[in-house]
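Here are my notes for your read-through. Please keep the model open beside them.

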Amino acid sequence: MTQDPGRAAPAAATPPGEGLSNEETLAAYRVMVLARATDERCLTLQRQGRIGFYVPASGQEAAQIGAARALHAEDWVFPAYRELGVALARGVPLEALFHQFIGNSGDVLKGRQMPNHYGYREFRFVVASSPIGTQITQAVGAALAARRRKDPVVTIAFFGDGATSSNDFHAGLNFAGVYRAPTIFFCQNNQWAISLPREKQTHSATLAEKANAYGFPGVVVDGTDLFAVHRAVSDARRRAASGQGPTLIEAQVYRFGPHSTSDDPRRYRADTEVAHWKEMDPIKRAKELLIGAGVLDEARDTALWEEARAQVSRALESAEKTSPVEPGTLFDDVFAEPTPRLVEERAEFDRLLAEGVIKP
Ligand SMILES: Cc1ncc(C[n+]2csc(CCOP(=O)(O)OP(=O)(O)O)c2C)c(N)n1
């Protein structure tokens, strides 16, 4: 395992064939393109007022999809709010995501979560946490609980560079080290925590080296290289599943867009820095490798992008046609058996609805 200090160098990407077959690589590339197409569309949709809030992941596709494809179906993902690529790679349908972005009656979370904070039990993708780092301790707890039940599950926590300064990072990694939890800590160091640069986050040379303090390996990986990420997560999964304990992976990436639809990154970072990292655009790198391996050409690539954009449009259209959440569902799933107070509130709510005081 390597520990390269500093930022990712634009080294030649690992060639296909190492860990991922050409077919698997093409499948991963399709998901990368779908994630990027979704991102591009959603930023516009938020500006048009058609969705309320969005957190883009452009630039982080290789890290997310490379990691997700190294996991097994039984593993549990504990994401932050920027893991679109992971959700898509786990098989979450795009329609389901758009239902959540809009918060309509097709949303399994019934429109109760902040947009972009989705979760899907059947894909073992836990609802994203907004408070930074809380998913780290949850992933460790779930891994330890699974081990007690003799359930061969590995958990993975996704988080950013900023989360390494959180209390939960320390508590989670310390517990995981002591109890050898079958957990992978996957840090996407995208160089910025909103407007705070990596240099001001910590004086550690790398984020991966923080694992030394907890007694398990820390690995730096070029997060723009799909194959390198896939290999690092496969190794970490093997370690976790065989009882050797956790691994911290620092995938060095860059967030191409804003932190969310609520900020303007031009106010805090230089265009030259963005341009530098765009030379290592993970989608461009994967495409070049696939063309080199003879499994993709420009015409197929264009068709693939068109299909991805059409898929986004179809998912959006279906979500926009879906009815809003029934206001009365607000009282569902609160308690297994509604309490007397809740029953009273619901009756009052229904009365106000009938009188037209509350508009559906
Ligand atoms: C405990 C807590 N403190 C502060 C915030 C406000 N906040 C939201 S996102 C964010 C930056 C997180 O950066 P990082 O962990 O690097 O992840 P990234 O957004 O870059 O993916 C902050 C400070 C929060 N959500 N939770």
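Which hand does the crossing of helix 4 and helix 11 have? Point 2 takes this up.

1. Ground rules. This is a predicted model, in which local features need pLDDT of at least 70, side-chain atom pairs count only at pLDDT 80 or more, and totals for chains, interfaces and linings use all residues. Numbering starts from 1 along each chain, following its sequence as written. Helices (H or I, at least four residues) and strands (E, at least two) are DSSP runs, numbered from the N terminus.

2. Helix 4 on helix 11. Helix 4 covers residues 94-102 and helix 11 covers residues 298-321. Their axes are 8 Å apart, and the packing angle is about 50 degrees. Axes here are lines fitted to C-alpha atoms, for helices over the stretch in contact; angles run from 0 to 180 degrees between N-to-C directions. Helix 4 and helix 11 are therefore oblique to each other. The cut-offs: under 35 degrees is roughly parallel, over 145 roughly antiparallel, 65 to 115 roughly perpendicular, and the rest oblique. The crossing of helix 4 and helix 11 is right-handed. A crossing gets that label if the near helix is turned clockwise from the far one by less than a right angle, and is left-handed if anticlockwise.

3. Helix 1 on helix 11. Helix 1 (residues 22-47) also packs on helix 11 at an angle of about 50 degrees, with the axes 9 Å apart. That makes helix 1 oblique to helix 11. Helix 1 passes helix 11 with a right-handed crossing.

4. Helix 5 and helix 6. The axes of helix 5 (residues 134-148) and helix 6 come within 7 Å and cross at roughly 20 degrees. Helix 5 is therefore roughly parallel to helix 6. Their crossing is left-handed.

5. Tyr179. Look for Tyr179 in helix 6, which spans residues 167-179. Is Tyr179 buried or partly exposed? Tyr179 is partly exposed, because 15 other C-beta atoms lie within 10 Å. The scale: 20 or more other C-beta atoms within 10 Å means buried, 12 or fewer means exposed, and in between means partly exposed, with C-beta atoms placed from the backbone. The C-alpha atoms of Tyr179 and Gly245 are separated by 7.9 Å, although the two are 66 residues apart along the chain.

6. Backbone checks. Most residues other than glycine have a negative phi. Lys110 has a positive phi of about 60 degrees and is not a glycine. Lys110 sits in the loop between helix 4 and helix 5. With 17 C-beta neighbours inside 10 Å, Lys110 is partly exposed. Ile194 has a positive phi of about 50 degrees, and is not a glycine either. Its place is the loop between strand 4 and strand 5 (196-197). Ile194 is partly exposed, with 14 other C-beta atoms within 10 Å.

7. Thr206. This residue lies in the loop between helix 7 (198-201) and strand 6 (218-222). Thr206 is buried, because 20 other C-beta atoms lie within 10 Å.

8. Domains. The domain assignment gives domain 1 (22-323) and domain 2 (326-360). Such bounds come from an automatic or database assignment. The C-alpha centres of domain 1 and domain 2 lie 37 Å apart.
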